[in-house]
Amino acid sequence: MSNIYDRGVVILDFGSQYTQLIARRVRELNVYSFILPPETSMDKILSLNPGALILSGGPSSIYDQNAPDFDQKILDIDLPTLGICYGLHLLIHYSGGKVSSKGTGEYGFANINIFETENLFKGIKSPGVWMSHGDQVTKVPKGWDVLAESSNGVIAAMMNKSRSLVATQFHPEVHHTKDGLKMLENFLLKIADCQPNWTAGNFINEQIEKIRNFVGDGSVLTGVSGGVDSTVVAALLHKAVGNRSHAVIIDHGLMRKNEVSECVDALSDGLGVNIHAYDESKIFLSKLKGVLDPEKKRKIIGNQFIYSFDRIALSLGKIEFLAQGTLYPDKIESGVSKGNTSHVIKSHHNVGGLPENMEFKLVEPLDKLFKDEVRKVGRELGLPSKLINRHPFPGPGLGVRIIGEITQERINILQKADRIYMDILLEDNIYDKIWQAFSVLIPVKTVGVMGDQRTYENLLAIRAVNSTDGMTADWFDMPSETLSKISRRIVNSVRGINRVVYDITSKPPGTIEWE
Ligand code: XMP
């Protein structure tokens, strides 16, 4: 099997807010991409056998003190390179051109005049691009051609054809640059000679081989939370080592309705995965009795999760390896793109943190993937789309969606109402347009009337937000017909709720969860 990382793209990160987006867009074209810090030596870059190099944008001016720089050997070797914005400034500066901060810069949408419809602009239809720069090129270096200019007269794209160096003042990776993906494709596959072999199928084959080599005859414990990442890990481990992967799902009693059984069924009946659910709900509920404070609730759930996991792991006998669903963005945040490739057990594990005293060797088969790629791998492994497209769900589960004390009765009410809410979003084809939707039970009683009867029941809030990573979020503009359908069906069929409200708070200033 050919190496799927060969002839991919190394991206040097000069601090752009779009660096991860560049990596994702490159991978959409089935070319592997990998983010490294700007000071990475050329020897290290070449050892990865890349097919091309991309220099990202960044907030600095090349004339700033401490502006990030790169190993200038890049200009002496024959590696096709695309410089974007700050990356363009560096390439042009070191090639003998001039970059200056005359004018006011260009920010936002701009039209460009294309002078050459070959190379970068082959097959490009839209002249609309996304600009975000202060500095600009004022002298074209020897050997470089101007390929396009913005309607403001700023050089928008340049190329040194003999060296396959391309530079854009605009951002082809941003969706607002309508034909940006096509431009990246032209660079990667026509100007450079990258290999488009980064596919879900190839990834799975490569990981199976890698896991088998790493694990040998050993056994693996796979913690499953019901979410997509850990479910995909469990399916992958099963393919690699069969029943020597012990998938464990701890039911803390605070999952969505039928979530545990749906996950177990999909994995065990559907794919033959060796998975067991452990019902720990009574212990969790007894520890949470009488607790109202959100932070205390979170702590109790997190700690009990560790005790339960520890006990269950020990009961399974000697297991040397632990598989978990760490993703590439987690690795980037923990310093891998800054040159630190050491393995660390992550504290932000999605089922609430793992025992610190456990000495496992880690298997992290998704640590080179973005979330959308995990979904592709899951589909390829045969997991049902209902599971793959599920919205994110917090580790403490419904524990942070019941305001105040958690009781079994409140859990039952919330599970029932939330299921109706999700069913209607699916019925109205809205579920996949939302990043995360859920209900919150507010045990505050208000008066209502049903038939001739006065009611005095709880309040339910429903929330739906769009986001890319959960750090910021916008409330979703839900059609009013859907809102009234949700309210009617919940109030008519869930005893214990007589009023539904829709949360119209974005993050910031709100958070996504209520507790
Ligand atoms: P907030 O409420 O902080 O949520 O705006 C941002 C995203 O994180 C999820 N979330 C959690 N996920 N353990 C998790 O695994 C947690 O303790 C936790 N708290 C919040 C939340 O659902 C949203 O997607």
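Me: Where does Pro-509 lie?
Reply: In this predicted model, Pro-509 lies in the segment after S20, and the place of Pro-508 is in the segment after strand S20 (497–502) as well.

Me: And the peptide bond from Pro-508 to Pro-509, cis or trans?
Reply: That bond is cis, with omega near 10 degrees, and the peptide bond leading from Lys-507 into Pro-508 is also cis, its omega being near -15 degrees.

Me: Switching to helices, at what angle do the axes of H6 and H7 cross?
Reply: The axes of helix H6 (residues 228–241) and helix H7 (residues 259–271) cross at roughly 20 degrees and come within 11 Å. Because angles under 35 degrees count as roughly parallel, H6 is roughly parallel to H7, and H6 passes H7 in a right-handed crossing.

Me: Which residues make the contact?
Reply: H6 contributes Thr-231, Ala-234, Ala-235 and His-238, while H7 contributes Cys-263, Leu-267 and Leu-271; by class, the contact has five nonpolar, two polar and no charged residues.

Me: What is phi of Asn-66, and is the residue buried or exposed?
Reply: Phi of Asn-66 is near 65 degrees, a positive value in a residue other than glycine. Asn-66 sits in the loop between strand S3 (52–55) and strand S4 (81–84), and is exposed, with a relative accessible area of 76%.

Me: Where does pLDDT stay under 50?
Reply: Over residues 336–352, for which the model has 31 contacts beyond four places in sequence. Where pLDDT is low, the predicted coordinates should not be read in detail. For the protein chain, the mean pLDDT is 92, with 95% of residues reaching 70 or more.

Note on methods
Residues numbered from 1 in each chain as written. Predicted model: local features only at pLDDT ≥ 70, side-chain atom pairs only at ≥ 80, totals over all residues. Heavy atoms only, no water. pLDDT = per-residue confidence, 0-100. Contact = heavy atoms within 4.5 Å. Axes fitted to C-alpha atoms, helices over the stretch in contact; angles between N-to-C directions. Helix = DSSP H or I, 4+ residues; strand = E, 2+ residues; numbered from the N terminus. Parallel < 35°, antiparallel > 145°, perpendicular 65-115°, else oblique. Left-handed = near helix turned anticlockwise from the far one by under 90°. Nonpolar A, V, L, I, M, F, W, Y, C, P; charged D, E, K, R; others polar. Buried < 20%, exposed > 50% of the residue type's maximum accessible area, 1.4 Å probe, protein only.
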